[in-house]
Amino acid sequence: MQSSPFAPPSRAASRPGEPGAPALPNALPHSALADALSAIDAAFVARVADTAPSTCYGIARGHEPLAHGGAGAVRLGPDGSAEGYGPEPTTAYRIASCTKSFIAASILLLRDRGLLALDDDVRQYVPEARFVAKPGAMSVTENRTPTPGPVVLPQPDTATKPVPLAVGTEASASPETPGHAGPLGGDGFVPTGERITLRHLLTMGAGLPTDNPWGDRQESQTDAEFTALLKAGVPLATAPGTHYDYSNLGYALLGRVIERVAERSCLEFVSGEFLAVLDLNGTAFDAPTLRAWHEDGDVQVAEGFTRRGDTWEHQPHSGPGAFSPIGGLFSGTADLLTWAAYLTEAFDPHAHERGPLSKASRREMQTTQRLRHAGGALPATGYGFGLVTLDDPHYGPVAMHAGGYPGFSAHMAWQVETGLAVVAFENGTGARVGLAVIDALQRVLQAEYASDAPLTGSGAEARLGLAGRVSMTQPAPWSETLNAASAFDAAVRAGSLAECENLVAMNFALDKPFLLRDSELAGVLAGLELSDAPGAGLAFQPGTLPNAATWRIPATGASGSVNLECHLSLSPTVPPLVQEFTVTLV
């Protein structure tokens, strides 16, 4: 595969300050940039064998395309052989949470039209949302420990013992009074009068639990199902406005706000106000619509896959539905680079106002509104409106967002002042294409500035800004979290997670079947002798949220003493259920 400049077909490109003017790629990039593009191309090609059936990337400087590359198969036949042709700038992948920037832009557009205010309570528009919390848990200082000290797993008893529940279902529970309605027992939830604003939701500061595994499987929810979920109770993990905690559910709520204020569906609003106006004709919320926009129907839509052993298992496209605002868009690298250029031209003092959103509002989106990580060993990162923000000491402000869906990985990142941008997609679950995107942006910036400085410090995790959260205290774990940890600790020791099938959320078995989980667990446990007995008061470190826990089980193997590190988190539902669990040898 050869990296080469490209111009998006049938698209009116423009440079900052010159709406509608044609964008001409550099005919002869300077040698440092040419070398960087060649290295970037090789790095993306090398990923295909291991991370996904295909990869597709694009690089631009504002509206000026610099390079496009792609390799692998966007579709696979039943026998695993490639179908169709290779990825192109217009090949549509699920962009997952990169969709959130369009939702944030929609809220700001409604704000600019005087139809809502960012500090309005979300229940002003979605009165059916009932927020609940642990009794007394919403004080900023109450029920917290200064540091994440060890917590003792509870002894199972009749008050907290898990009770049977059909896999993937939710028990009916009233949020009016505490109780043990769920299979994890616990002390239940009570209504809270905490005020949650649209600004809280936009900036991931509403106090809702992090919910990626669960949220990624909710897109096709009907409006009625979403209403039932909201009425049953939405648990708060922290006091609104005090923490950054990533929430898909929060952006689904914003989608409903858009629907109520605009008096049309959120998907129709985004499509009509942004996609159509900006000529993003390769972007849509479902594949049939995308194909209908092209008269000949000749638009290639990537299929998603998950690695199962040596084979790729097909992941059907989900949606559209009530959760489409969290990540439902399909798009190609050409369109998403056009979107990035539209956002970054807001920083050009010579650029004219154009399109649906004012330059001021576009700058707001890319400016830190809430800290994600305060710095120290890792760079300081924040969240704007629908975008992650970074103030790099060498290259200045950077905006980005990652996206992950069953079968897909997406990432977009750009330097806001110059518009140098990299966008990439892969059609493999958990491919983490963002690692390659940040490395590519770093290489382009180093070439542009004749510098060898790293983009945001050393280490891939640091460059992505994934680790850490701003908090001097830690919420106490929910009683349901403790009970879940106790049950899964016992299941690990018994060698089968199937014992916990009544305790899990609907996404758990879809993400990875129990038989495969047990097979992987057997591989981890092979040759190990675990110490301590289940329920014997094993100490563990709770996670950074009250609905998450991480603990270690001491063991002895051929090489001496080792530890099994276990991690789980619960869904943002009433009652809460286990949405993810991992066990690794450390």
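A: Let's start with a term: a crossing is left-handed if the near helix is turned anticlockwise from the far one by less than a right angle. Keep in mind that this is a predicted model.

Q: Which hand does the crossing of α5 and α6 have here?
A: In this model, α5 and α6 cross in the left-handed sense.

Q: At what angle do helix α5 and helix α6 pack, and how far apart are their axes?
A: Helix α5 covers residues 223-232 and helix α6 covers residues 248-262; the angle between them is about 120 degrees, and their axes are 12 Å apart. That angle is why α5 counts as oblique to α6.

Q: Which residues in α5 and α6 meet?
A: From α5 come Asp-223, Phe-226, Thr-227, Leu-229 and Leu-230, and they meet Leu-249, Ala-252, Leu-253, Arg-256 and Glu-259 in α6. Sorted by class, this contact of α5 with α6 has 6 nonpolar, 1 polar and 3 charged residues.

Q: What is a disulfide, and how many disulfides does the count come to?
A: A disulfide is a covalent bond that joins the sulfur atoms of two cysteines. Here the count comes to 0 disulfides.

Q: Is Cys-56 buried or exposed, and what about Cys-98?
A: Buried means under 20% relative accessible area. Cys-56 has 0% relative accessibility, so Cys-56 counts as buried. Cys-98 is buried too, with a relative accessible area of 0%.

Q: Where is the place of Arg-493, and is Arg-493 buried or exposed?
A: Look in helix α13, residues 479-494. Arg-493 has a relative accessible area of 18%, so Arg-493 is buried.

Q: How far apart are Arg-493 and Leu-530 in sequence and in space?
A: Along the sequence, Arg-493 and Leu-530 are 37 residues apart, while in space they are 7.3 Å apart, C-alpha to C-alpha.

Methods:
Residues numbered from 1 in each chain as written. Predicted model: local features only at pLDDT ≥ 70, side-chain atom pairs only at ≥ 80, totals over all residues. Heavy atoms only, no water. Axes fitted to C-alpha atoms, helices over the stretch in contact; angles between N-to-C directions. Helix = DSSP H or I, 4+ residues; strand = E, 2+ residues; numbered from the N terminus. Parallel < 35°, antiparallel > 145°, perpendicular 65-115°, else oblique. Contact = heavy atoms within 4.5 Å. Nonpolar A, V, L, I, M, F, W, Y, C, P; charged D, E, K, R; others polar. Disulfide = S-S within 2.5 Å. Buried < 20%, exposed > 50% of the residue type's maximum accessible area, 1.4 Å probe, protein only.
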